[in-house]
Each structure stands twice: as structure tokens, then as C-alpha cells.
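Subject: Handover of a structure

Dear colleague,

Please find the structure below.

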Amino acid sequence: QSGAIVPGVRVAATNQETRVAAESRTTDEGVYVIPYLLSGTYTVTVEANGFKRLERRGVEVRISERVNVDLQ
């Protein structure tokens, strides 16, 4: 609720077509990186103990492009 940074949150990106997933965890600064994703449309999911699961669908990833997905 306060918008505070939460370290150690599990972040997963799942390709909506192939269902292949990759995941990472947030740093102490609340930052995460999931490198080397193939082009496609992804669902990004975040989960942490004591917090509601959050999902963002339709995240477009293209070759050689960095995509920022901020979730609160």
C-alpha cells in the first residue's frame, strides 16, 4: 500500500504462445532483470509472501529492445 520497495520478490515472464517461462528476483533496490527473452507477448507475474499476486498480460518483447514493467 505504501509503495515501498520489496526485495526478493519472484518475478516470472511467461511467453503467452509457447508457455516457456523465465524468472528472476528483485534486488534490495526492487529492480529485476530477465535477460535473453525471445520476441513475443509475455505475461509478467510477481509473487511475494504476505502480498497479493500481481499479473500483467500482453507485454510485448522485441529483439534488441529493453522493456520496463513496473508493478506495485
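How many bridges join E1 to E2? Five bridges join these two strands, which run antiparallel. Please note that this is a predicted model, in which local features need pLDDT of at least 70 and side-chain atom pairs count only at pLDDT 80 or more, while totals for chains, interfaces and linings use all residues. Residues are numbered from 1 along each chain as its sequence is written, and side-chain values use heavy atoms, with hydrogens and water left out.

The sheet

Strands (E, at least two residues) are DSSP runs, numbered from the N terminus. Two strands pair if DSSP finds at least two bridges between them. In general, strands of a sheet pair through backbone hydrogen bonds, either parallel or antiparallel. Here, four strands form an open sheet in the order E2-E1-E3-E4, with antiparallel pairing. Its edge strands are E2 (21-25) and E4, each of which pairs on one side only.

Threonine 43

Threonine 43 has its place in strand E3. Because its relative accessible area is 8%, threonine 43 counts as buried (under 20% relative accessible area, with a 1.4 Å probe and protein chains only). Its side chain makes a polar contact with the side chain of glutamine 16, at 3.1 Å. A polar contact is a pair of N or O atoms within 3.5 Å; within protein, one must be able to donate a hydrogen and the other to accept it, and residues adjacent in sequence count only if both atoms are side-chain atoms.

The largest pocket

A pocket is an open set of points on a 1 Å grid over the protein atoms alone, where a 1.4 Å probe fits, with protein on both sides within 12 Å along at least five of seven lines; lining residues have an atom within 4 Å of a point. The largest pocket is lined by 40 residues, and Gly30, Tyr32, Val69, Asp70 and Leu71 lie nearest its centre. E3 gives the largest share of this lining, four residues.

Notes. Buried means under 20% relative accessible area, exposed over 50%, partly exposed in between (1.4 Å probe, protein chains only).
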